[in-house]
Amino acid sequence: MTPGSSPTRQVPTGMPQYRYPVDPWRLVEREYSADDLGTTETLFAIGNGYVGMRANATEGREAHSHGTFLNGFHETWEIHHAEDAFAFAKTGQTIVNVPDAKLMKLYVDDEPLLISTADLEHYERVLDFRSGVSYRDVIWRTPGGKRVKVHSERMVSFEHRHLAVLSFEVTLLDDDAPVVISSQLLNRQDGEDEYHVRSAALGEGLDPRKARKFDHRVLVPRLQRHERTLGDGGEVVLGYRCANSGMTLACSYLHLLDTTCEYSVETSVNADLAKTVFTVDGRAGETIRILKYVSYHSSTGVPPEELADRCHRTLGRARSEGHDALVLQQREWLDRYWAHTDVEVTGDDSAQQAIRWNLFQLAQASARTQEQGIAAKALTAGGYDGHYFWDTEVYVVPFLAATNPEIARKLLRFRWAMLPAARARAAELSQRGALYAWRTISGEEASAYYAAGTAQYHINAAIAYALERYSFATGDVDFLAREGAEILVETARLWEDLGFYANNGAETFHIHGVTGPDEYTTVVNDNLYTNVMARFNLRYAARVVRYLAESMPAEHEALCRRTGLRDDEVDAWDRAADSMYLPYDDHLGIHPQDANFLDRERWDFEGTPRDKYPLLLNFHPLVIYRHQVLKQADVVLAMYLRGDHFDVDQKRRNFEYYDPITTGDSSLSSCVQAIVAAEVGHDDLAVDYFREALYLDLCNTHGNTDDGVHIASASGVWAALVHGFAGLSDDGYHLRLRPRLPSCWESLTFRITRHGTLVRIELDPDGCTVTVVDGNGLSLQTCDGLRFLQLGESTRIPRS
């Protein structure tokens with residue numbers, strides 16, 4: 001097969017039509033539809049990394065799934081195994097749908113506004129990537145024939161972690177009428193939820209990607225408070241404690257009403273519903289505007305009374321600063337974000353919009369995590385129970401390290417804080433060192449299916465990889481010497497203890513009984529991806545420890561005290577890494593995915609109709625496991641993450657073998673296939689895969705965007721642009737670029753930060769231009785050798 005041609009893809013593909021008007025800085029919906037409510041509730045959701053609000057209608061009636069979520073706030077439940085065994089996961093964890101403050105119901109002439117059935121002269125909903133505000137405009141003709149303009153806005157503050165700001169404006173365009181606005185705070189988690197009923201009816205419990213439905217009351221009321229003297233209608237607080245996890249929550253609101261019309265206000269508060277009702281004598285042409293400041297605070301056990309006090313202070317600051325100042329702060333935060341993160345393409349306006357939507361999702365997922373993780377669906381829905389996976393470390397942290405390194409550091413500290421739980425889990429599995437939970441919120445393993453869960457030991461190497469990417473991008477030696485080195489020591493210990501040396505006289509180190517990222521092939525021996533990444537983890541740990549011993553002896557001594565590290569352990573890590581067995585087939589010239597992969601029968605792709613994908617929902621796991629068929633390609637991912645360990649011919653042969661048997665059932669497949677396809681010269685295929693990743697949620701190509709944004713895929717879109725088409729790599733000493741702009745684009749421009757230096761990289765059909773925009777400069781590997789670029793300097797790199 002010649003470079004530039006494409007392997008034959010066995011899985012039928014098809015991109016649904018993109019239905020949103022093209023706008024480079026906004027996602028716009030101009031026609032309401034109940035057919036894809038779940039998808040649009042996700043796509044227009046807002047959040048800041050701590051608070052996430054699904055884009056449910058302000059009126060709060062028809063919805064696919066209502067949702068407001070707080071990062072890390074979860075309930076626990078006992079996992080019941082049909083056949084239990086030692087060290088199986090015991091405690092499930094599921095993110096909680098906290099009380100909904102989005103509700104603002106409107107009545108004109110006592111007729112309710114119901115968007116699904118309303119006579120609408122105008123409808124527009126917008127998510128603005130520059131302002132960080134979502135808004136909706138409608139003109140409603142009431143059953144009585146009166147026209148009413150309704151403008152509503154939502155903003156979850158990037159600047160203030162615990163604050164959301166909502167506004168609701170009503171203008172009677174033609175006639176006077178009585179207007180009632182009922183603003184509410186409703187505990188939906190323990191009330192009737194239409195989606196739960198619908199899910200059960202559809203049998204969606206078969207889908208492991210969906211959130212668990214609770215069978216008990218989750219939020220136990222602990223506090224109801226109403227401060228009548230504050231705002232219009234008073235300040236309201238509801239407080240709760242989770243029944244099993246013991247986590248605590250307070251949520252509150254405060255209103256400010258602006259109108260020249262006569263009005264009255266009445267507030268009522270009970271355990272699961274607080275309601276402030278504004279009754280207004282509406283006059284034609286006069287706008288009724290309500291500002292609703294909302295605050296959420298949560299804890300692992302702080303009493304709700306104290307959390308209520310925190311909410312009070314948050315709302316007080318918001319009221320003092322004022323709506324306009326808060327909106328300006330949001331815009332200024334995003335201006336700084338886009339200055340370091342924006343990716344610009346010319347020649348494809350739709351792609352430009354989609355790229356920015358994905359990048360905006362990453363801002364919403366990460367801005368205010370404050371040393372908590374990023375769930376697989378961020379805070380856009382309850383998919384995957386709100387669990388943290390390896391996705392964050394392999395896909396999201398490298399993006400943040402190159403664009404917003406302080407946030408990347410916080411995510412790594414979050415993993416460091418989980419070390420005690422990881423050590424305990426390793427001990428449960430009879431291993432030394434630490435084994436991070438495959439899926440978790442608290443740090444404890446929550447995966448009930450060990451074959452595609454606990455057996456994925458490669459999560460340890462993912463965290464080490466994220467640490468390396470952060471270290472290379474920032475030069476943060478202090479973090480590496482403390483938290484980073486402790487992570488590396490404990491993960492390396494696990495690998496050296498888990499593997500063994502062959503007893504046939506060969507000095508080969510093997511790792512058996514593990515599962516790689518491809519969950520269609522489980523509990524195998526010598527999974528190539530796992531072995532490649534374990535080798536990296538071992539070597540990186542040994543290198544860092546020796547660096548500390550030589551250059552930072554005080555930190556090295558402290559590390560040895562904390563971990564009980566011995567010198568002979570470091571030597572053992574190097575020996576295991578140098579002896580690591582990597583499967584290779586001389587006849588095919590490829591790396592088998594595991595020791596026995598090539599012995600399996602190839603999947604019958606021609607006999608598998610499109611409606612049987614994803615395979616995990618249509619075939620028993622054993623049927624899948626005994627075939628050569630991939631959810632995502634382990635070997636291709638290994639070639640991306642540790643590309644210097646494979647030459648270009650090996651990469652091409654591996655890619656051409658595995659691509660035709662990769663279903664892409666994983667949302668993390670397309671972005672990685674795009675990167676490696678670009679590198680090995682399959683240019684058209686690289687663009688095809690990139691588009692699949694780019695529109696994965698916007699076109700709901702996996703059929704589960706209603707369960708939340710695929711946040712790691714959003715990072716993968718950035719990686720495909722930067723590492724795939726620009727060919728950017730960083731070996732810890734200097735950058736290298738191998739630009740290959742797709743022929744369908746005129747240019748591609750992006751920025752990265754390395755060691756505090758901001759660099760702009762502009763691709764054109766002939767190569768790229770690299771310019772130092774800010775900072776002290778950086779070292780760049782060019783075709784003419786190393787070059788150090790200083791502030792304001794540029795250099796050209798020809799097309800690869």
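I began with helix α7 (residues 405-417), whose 13 residues should span 18 Å at 1.5 Å a residue, and I found its end C-alpha atoms 18 Å apart, which agrees. I note here that the model I am reading is a predicted one.

Next I looked up which residues of α7 are buried, and the list is I407, A408, R409, L411, L412, F414 and R415. An α-helix has 3.6 residues a turn, so residues three or four places apart point the same way. I then asked which helices the buried residues of α7 pack against. The partners are α5 (349-366), α6 (391-403), α8 (419-428), α9 (459-474) and α10 (477-498).

**Two of those partners, α8 and α10**

I remind myself that two packed helices are described by the angle between their axes and the distance between the axes. For α8 and α10, the axes come within 11 Å and cross at roughly 10°. Angles under 35 degrees count as roughly parallel, and the crossing angle therefore makes α8 roughly parallel to α10. On the α8 side I listed L419, R423 and A426 as making the contact, and on the α10 side E486, I487, E490 and L494. Sorted by class, this contact of α8 with α10 has 4 nonpolar, no polar and 3 charged residues.

In the loop between α8 and α9 I came to S430, where phi is near 65°, a positive value in a residue other than glycine. I wrote this down because most residues other than glycine have a negative phi, and most peptide bonds are trans. Is S430 buried or exposed? Its relative accessibility is 62%, so S430 counts as exposed, given that exposed means over 50%.

**Helix α17**

I turned to α17 (residues 669-679), and found that 10 of its 11 residues are buried, so α17 is largely enclosed by the rest of the structure. The buried residues of α17 are S669, S670, C671, V672, Q673, A674, I675, V676, A677 and A678, and they pack against α6, α15, α16 (648-658), α18 and α19. Just after α17, I saw that G681 takes a positive phi of about 100°.

Of these partners I followed up α15 (residues 634-641), whose axis comes within 9 Å of the axis of α17 and crosses that axis at roughly 60°. The two helices are therefore oblique to each other, and I recorded the crossing of α15 and α17 as left-handed. In the contact, V636, L637, M639 and Y640 of α15 meet V672, Q673, I675 and V676 of α17.

In the loop between α18 (683-694) and α19 (711-725) I looked up N700, another residue other than glycine with a positive phi, here near 50°. How exposed is N700? At 22% relative accessibility, N700 counts as partly exposed, since buried would mean under 20%.

My last entry concerns the loop between β23 (601-602) and α14 (621-625), where P614 is found. A cis peptide bond joins Y613 and P614, and its omega is about 0°.

Note on methods. Residues are numbered from 1 along each chain as its sequence is written. This is a predicted model: local features need pLDDT of at least 70, side-chain atom pairs count only at pLDDT 80 or more; totals for chains, interfaces and linings use all residues. Side-chain values use heavy atoms; hydrogens and water are left out. Axes are lines fitted to C-alpha atoms, for helices over the stretch in contact, and angles run from 0 to 180 degrees between N-to-C directions. Helices (H or I, at least four residues) and strands (E, at least two) are DSSP runs, numbered from the N terminus. Angles under 35 degrees count as roughly parallel, over 145 as roughly antiparallel, 65 to 115 as roughly perpendicular and the rest as oblique. A crossing is left-handed if the near helix is turned anticlockwise from the far one by less than a right angle, and right-handed if clockwise. Contact means heavy atoms within 4.5 Å. The expected span of a helix is 1.5 Å times one less than its number of residues. Buried means under 20% relative accessible area, exposed over 50%, partly exposed in between (1.4 Å probe, protein chains only). Ala, Val, Leu, Ile, Met, Phe, Trp, Tyr, Cys and Pro count as nonpolar, Asp, Glu, Lys and Arg as charged, and the others, Gly among them, as polar.
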